[in-house]
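This briefing covers one structure, shown below. The notes that follow are grouped by topic.

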Amino acid sequence: MSERTVSLTVMRYRPGVDAAPTPATYTVPFREDTRVLDALNYIKDQMDGTLSYRWSCRMGVCGSCGMMVNGTPKLTCSALLRDLPPAVTVEPLANFPIIRDLVVDIDDFLRKLSAVKAWLIPDSPKAIAAGEYLQTPEQVERYRQFSQCINCTLCYAACPVYGIQPQFVGPAALALAHRYKMDSRDGGWSERAPIVAGPEGVWECEFVGECSLVCPKHVDPAAAIQRTKLSASMEWMRNLVMPWAAR
Amino acid sequence: MDAQSGDALGRPVSAPSRPAAPPAFHRPVRPDWWLSGRYRSPSTQGTRAYLLFMLRELSSVVVALFLVFYLVQIARLSSGQGVYDAFVATLRSPVVVLFHLIALASAIYHAVTWWQLNGVVMVVRLGSSTVPPRQLVLGGYVLWAIASIAVCLILVGF
């Protein structure tokens, strides 16, 4: 049986040399189980060692190999070539600055992750010697889905609001903020609210919904954001009607 | 952590000198981002996903215009029989009828997307289980149908 090949068009950008990214096309052999990432590795090993891209685990866990595959943000380690047309275009993740070839600068996302304090802020802190913060399975189930985020930033590449308004906190950071809001052990909402429910937080979202469709971990950031909008509105109403009950 | 100025043995550490990073390339957002089809949704909407989103947003302008029209109609009603009759006559113009058909379609589209949104936003717990979003959306449609029938009955009744 003759070997099948795919025509892989890759956007190349050499900083300080190229004025703008330019496409380069490679013909790469592939088998039934070859993914886009394998094809990129083939190019780097066999054709052009200067091709730059990020990857690590090769099993959809580390979240570092996200790229635009035929216009869709995907983890390239999970994108099988057999499911794609014979001509495939690979571009760096949309909405982020390009550092080199397929490598993007996600510092902005990392700053936002810190800004929403995407870590547990205990409601009532206790000494380590006092033991774990216990939860029932039902309490875990309330936030489990939103805790599956691997920070791959595919959702940011799918979000047109983030493209137009880079100040927007964005899907993954807001989904993680919601994850801690739903966690029975956490009491950090008052610290997160100025960012999460502020002018550049959930209210920037226009519910395009693409973030949830591209998420490889089915986190559903769009649902997290709309639920945060609802609870923030309810809180605002409660404080308006019953100011004496404000926390 | 940043305040640590020494290594594990307390010896002073100087930051490695690095050449300045070359400029990253910022892709400009083109004005036709929602028409260009460069983004392809993994859903069945494909390259039309952003376009359909923009149509949903734009249809709200039509609904808003209808409400303005309706407020004008109420204002005319308070201005006396003659003024109101003249206004009703303009309502029969094909352009106005077409506008109202578009406004009706837009309002129905918004009602559908509103109930779908409801399925995403609302988390209704019954005991230890959660009501499936599909059932919430269906419940919304049933409420909508009942309200519509009630409004129709009132209109026919008068």
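The model is predicted. Chain A and chain B bury about 2500 Å² between them. Within chain A, helix 6 is largely enclosed by the rest of the structure.

**Interface of chain A and chain B**

- Chain A puts 38 residues into the contact and chain B puts in 26 residues.
- Of the buried area, 61% is on carbon and sulfur atoms.
- A:Phe207, A:Glu210 and A:Arg227 supply 19% of the area that chain A buries against chain B, more than any other three residues.
- One salt bridge is counted between the two chains; A:Glu91 forms a salt bridge with B:Arg38, with the closest N and O atoms 3.4 Å apart.
- Across the interface, 15 residue pairs are in polar contact.
- On the side of chain A that touches chain B, at least two residues each come from strand 4 (72–75), strand 6 (98–100), helix 4, helix 5 (160–164), helix 8 and helix 9.
- Helix 9 of chain A gives the largest share of that side, four residues.

**Helix 6 of chain A**

- Ten of the eleven residues of helix 6 (residues 171–181) are buried, so this helix is largely enclosed.
- Among the buried residues are A:Pro171, A:Leu174, A:His178, A:Arg179 and A:Tyr180.
- The buried residues of helix 6 pack against helix 2 (107–115), helix 4 (154–158), helix 7 (189–196), helix 8 (210–214) and helix 9 (221–241) of chain A.

**Nonpolar surface patch**

- A:Trp236, A:Met237, A:Leu240, A:Val241, A:Met242 and A:Trp244 make a nonpolar surface patch of about 720 Å².
- A:Met242 lies in the segment after helix 9 of chain A and is partly exposed, with a relative accessible area of 30%.

Technical notes: Residues are numbered from 1 along each chain as its sequence is written. Chains are lettered from A and ligands numbered from 1 in the order in which they are written. This is a predicted model: local features need pLDDT of at least 70, side-chain atom pairs count only at pLDDT 80 or more; totals for chains, interfaces and linings use all residues. Side-chain values use heavy atoms; hydrogens and water are left out. Buried means under 20% relative accessible area, exposed over 50%, partly exposed in between (1.4 Å probe, protein chains only). Contact means heavy atoms within 4.5 Å. Patches are made of residues with over 30% relative accessible area and no salt bridge: like charges are joined within 9 Å, nonpolar side chains (Val, Leu, Ile, Met, Phe, Trp, Tyr) within 5 Å. Accessible areas come from the Shrake-Rupley method with a 1.4 Å probe; for residues, only the protein chains shown count as cover. A salt bridge is a side-chain nitrogen of Lys or Arg within 4 Å of a carboxyl oxygen of Asp or Glu. Buried area is the accessible area (1.4 Å probe) that two parts lose on being put together, summed over both. A polar contact is a pair of N or O atoms within 3.5 Å; within protein, one must be able to donate a hydrogen and the other to accept it, and residues adjacent in sequence count only if both atoms are side-chain atoms.
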